[in-house]
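Okay, thanks for coming, everyone. Let me put the structure up and then walk you through a few spots in it.

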Amino acid sequence: MSSRAKLQYRPLASWLHGLHPLTKLAWLLIITVSSLAVHDPWYAGLVVAGLWLVARTARIRPATDLRGWQLVVATAGTFFALHVLFTRSGTIVLDLRPRAAFWITHTGLERGLLVALRFVAVILASQLFVLSTDSSTLAYALMRAGLPYRYGFALVTAIRLAPLFELEANTVYQAQLARGVRYDGSVFRRIIEVLRQLLLPLLVGALRRADHLAVSMEGRQFGRYRDRTYLRQARVRRADIISWIAMLLFAIGSVLMAISA
Amino acid sequence: MPALIEAKHLCYRYPSASDWALEGVGLAISPGEMVAVTGPSACGKSTLAMAIAGCLHEKPGGVWRGSVRADGIDITSRSLYENAELVGLVQQNPEDQFCTLTVEDEVAFGLENRRCPRDEMVRRIDWALDVVGAQHLLTRQLATLSGGEKQRIAIASILAARPRVLILDEPTSNLDPRATQAILVILERLRNDDGLTLIVIEHKLHALARFAPRIVRMAQGRISDQHAQTDMKTDKYIRAPAPPGDVVSRLENVSHWFGTRRALEDLSVSIHRGQVVAVMGDNGSGKSTLLRCLMGLIRPIEGRVIVLDRDQPVVSALAERAGIVFQNPDHQLLGDSVWDDAMMLARNTGQAEFVAPKAERQLRKSGLWHRRADSPWTLSYGQKRRLNLAAATSHDPDLVLADEILIGQDPANAQGLMEHLRALADRGSAVVVSLHNLATAEQYADRVLFLERGQLTLDASIDGLRPFLLSTGREAYLESAQ
C-alpha cells in the first residue's frame with residue numbers, strides 16, 4: 001500500500017485545525033515576512049522550534065506527515081554548507097592552511113545557519129497551514145472577509161478541478177502509451193510532438209468542462225446580484241482571540257529585533 | 001390544460017457551425033407531464049434541453065429562430081437567470097456541474113446566489129436532500145461520493161431552488177443498474193408527490209417504462225415521432241458460449257490499492273483467445289483497474305500479471321499485440337487527422353505498411369473513410385467512439401480491452417461497437433469489455449467476470465450470469481435487460 005504523504009488538508013481534531021483559517025493565514029504571512037526580515041539565526045531557530053512544537057501539539061508528526069521533509073532538510077543542509085564553504089570574510093574559527101586552502105569563518109557559519117533555518121521555517125509554516133486548513137473553508141472565509149465572491153469561487157473551482165485534470169492527464173498519457181508512444185529515448189522534437197498530443201485532449205476537455213460549469217453556475221443564479229448570502233457561518237473562538245494577541249506580541253517582538261539588528 | 005413549455009418552429013445553429021442543431025422543432029408539454037426525449041447521438045436532444053432551459057438564445061454567434069414559451073412567456077424576452085427560476089437543468093455528468101467541494105455547499109450554492117436567508121436555506125437543503133434520499137451525505141466531500149450519489153446531489157442542488165420544470169440529460173448513463181434504480185425511484189417521487197414536470201433525455205427507454213412517459217424521438221435536429229409509451233421491451237437473446245482458446249493473459253493473486261482504497265483483492269483469472277469476456281459490477285468495483293492491469297498500464301502492488309507470454313509486462317512491450325479503448329473518446333484522439341489517428345499505433349510500432357490496408361477497411365466499415373482528412377475533433381460523439389475502436393484494433397491485436405465504451409451511445413452505435421468486438425473474438429482475439437447492461441452481455445459475451453469491491457465474485461460462462469444475479473439479489477441488473 002502506498003504510504004507516501006500527500007500535501008493536502010487532513011481533518012484532525014486538534015487546536016490548530018480548529019483555528020479560524022484567516023488566523024492561520026495571518027500567522028503564515030507574519031512568520032514568512034519576519035523570518036526574512038530578522039537577520040538573526042537564534043531568532044530563526046526559535047521560530048523553527050516553535051513551529052515544531054505547534055506541529056507536535058496539533059498531532060502532526062513533521063518527520064512522517066509532511067511531504068518531502070527529507071528533501072527540505074537536505075536542501076537546508078546544502079544552503080548551510082554552501083555558505084560555510086564560500087564565505088571567506090569574518091573571524092576564522094577553523095583554518096586548514098597551509099595544508100589546504102580552506103578556512104571556516106564565524107560569519108559563514110552564522111549566515112549558513114540563518115539561511116537554512118529561514119528556509120525550514122517558511123516551508124514548515126506553509127506545510128502546517130496546508131495540512132490543517134480546509135481549502136474551501138479558507139475560500140469561504142476570504143469571501144466573508146470581503147473578497148469578491150467571483151474571485152473566491154475561482155479559487156474553489158481551481159481546487160476542485162486540479163485533481164480531475166491530474167486524473168485526465170494520466171488517462172491521456174496511458175492512451176499514448178497504449179498506442180506505442182515512447183517518451184524515453186526519443187529526440188527532443190519528437191518529445192515536443194507527443195507533449196502536444198498530450199496537451200490537446202486536456203485543453204479540449206478543459207474547455208468543455210468550463211462550458212458545462214458556466215451553464216451550471218448561471219443556471220443557479222451565480223453573478224445575478226452583486227452580493228450573496230452564505231450558509232457557512234464563520235466562528236471566531238476564544239483560541240482565535242488568544243492567537244491574535246500572541247500574533248501581535250510576536251509581530252512587535254519581530255519588528256523590534258529587525259530594527260535593533 | 002395550457003402547455004407549461006411550448007416550442008414552435010424552433011431552429012438553432014451553434015456559433016461557427018454549418019448545420020442546424022435544431023430544425024423546426026415543435027413540442028408542447030403540460031404541467032406535471034413526463035416526457036422522454038430519445039434518439040441517436042448528436043440528434044439534438046441536449047441542444048433542445050439547453051434551448052428550453054434558456055441557455056442558448058443569449059449565446060453570442062448562435063442563430064435562433066422560432067419560439068419557446070415557458071409558462072406563457074417567450075423565453076427570449078427573459079435572461080437566463082429569470083428562465084432558470086422556472087426550469088432547472090441537470091447535466092449528463094454531475095462532475096461537470098459541481099461548483100463547490102462539499103454536499104452542503106453544493107446544494108446551498110444556488111440559494112446563496114439568490115440571497116436566500118440562512119434559515120430558509122437550511123429548510124430547503126433539508127427538503128431537497130430528503131427528496132433524493134441523501135440526507136446522510138450532508139457533510140461529505142463531493143470527491144468521496146460514488147457515481148450514483150453524485151447524481152443525487154446534482155439533482156438536489158437544482159431541486160433546492162424549486163423549479164417547476166426539471167430537465168435531466170441522460171441522468172443514468174454513467175451509472176450501474178443499482179444506482180440507476182435509485183435515480184428512477186427519485187424521479188417517481190418527484191412526479192407523484194411533487195407534481196414536477198419532467199423532461200428526461202434517455203437512451204435506456206426500458207428504464208422509464210414504469211412511468212409511461214410520452215416518448216419524443218429525435219433525428220437530425222427534428223422530432224421524428226411522438227407517442228404515448230408503448231411496449232419498450234427488447235427481445236432476450238443469450239448466445240451459446242464459444243469454446244476458450246489459448247490463454248492470452250493471466251492474473252495470479254493480484255491486489256492493488258489507490259492510497260488506502262483497495263481496488264483489486266487477490267484476483268486470479270485467465271483470458272482466452274476466441275472469447276468475449278464481459279466484466280460487470282457496480283461503479284467503483286474495480287473493473288477499470290482490472291482492464292488497466294491486463295494492459296500493463298497499472299502494475300499491481302501484489303501478485304503476478306502474465307500477458308502475451310510476458311511476465312509483469314510494461315505497456316510499451318504490449319502495444320503492438322494489444323489494444324485498449326477507454327471510457328471517454330476525447331482522451332484518445334491523438335492524431336492530427338482521422339487517418340493519422342487510426343494509423344498512429346501502427347506507425348509507432350513499425351507496422352504501418354502491414355496495417356494501412358486494414359485501417360482503410362475499418363474506416364470504410366465505420367463510415368469514416370470520407371472523413372479521413374478531417375480533424376478527429378470535428379467528429380460526432382458516436383464517430384469518435386468508432387474511430388477509437390478502429391485505432392486500437394486495426395493491427396489485429398491478440399488482446400483487446402474496452403472500458404465502458406457503451407456509455408452515452410445510442411442503441412445503433414452500441415450494437416455496431418459490440419458487433420465489431422464480437423468479430424475480433426471470432427477471428428481469434430481475446431476481448432475483454434466492461435459494461436453494465438445484462439442484455440448486451442448475454443448477446444455478445446461468452447463469459448462473465450463479476451466484481452464486487454475489488455473481489456471476483458463470479459467467473460462463469462455467460463449463461464451463469466442470470467442465475468447469479470437472481471441468487472445474489474441484484475434484480476436491478478435483471479431490469480436493465482428488460
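Let's start at B:Ala156. Skipping its neighbours within four places in sequence, B:Ala156 is in contact with B:Val107, B:Ala128, B:Leu129, B:Val131, B:Val132 and B:Ala134. Before I go on, keep in mind that this is a predicted model.

Next, B:Leu56. You'll find it in the loop between α1 (45-52) and β4 (63-70) of chain B. Is B:Leu56 buried or exposed? It counts as buried, because it has 25 C-beta neighbours inside 10 Å, and the cut-off for that is 20 or more. Again leaving out neighbours within four places in sequence, its contacts are B:Tyr12, B:Met50, B:Ala51, B:Gly62 and B:Trp64. Also, B:Thr76 is 20 residues away in sequence, and the C-alpha to C-alpha distance to B:Leu56 is 9.3 Å.

Last stop, the interface. Here 43 residues of chain A are in contact with 52 residues of chain B. On the chain B side, helices that each supply at least two residues include α2 (80-86), α5 (118-131) and α10 (338-348). Which helix gives the most? That's α4(B), with seven residues. By type, that side of chain B divides into 29 nonpolar, 13 polar and 10 charged residues.

Okay, over to you.

Notes:
Residues are numbered from 1 along each chain as its sequence is written. Chains are lettered from A and ligands numbered from 1 in the order in which they are written. This is a predicted model: local features need pLDDT of at least 70, side-chain atom pairs count only at pLDDT 80 or more; totals for chains, interfaces and linings use all residues. Two residues are in contact if their C-beta atoms, placed from the backbone, lie within 7 Å. Helices (H or I, at least four residues) and strands (E, at least two) are DSSP runs, numbered from the N terminus. Ala, Val, Leu, Ile, Met, Phe, Trp, Tyr, Cys and Pro count as nonpolar, Asp, Glu, Lys and Arg as charged, and the others, Gly among them, as polar. A residue is buried if 20 or more other C-beta atoms lie within 10 Å of its own, exposed if 12 or fewer, and partly exposed in between; C-beta atoms are placed from the backbone.
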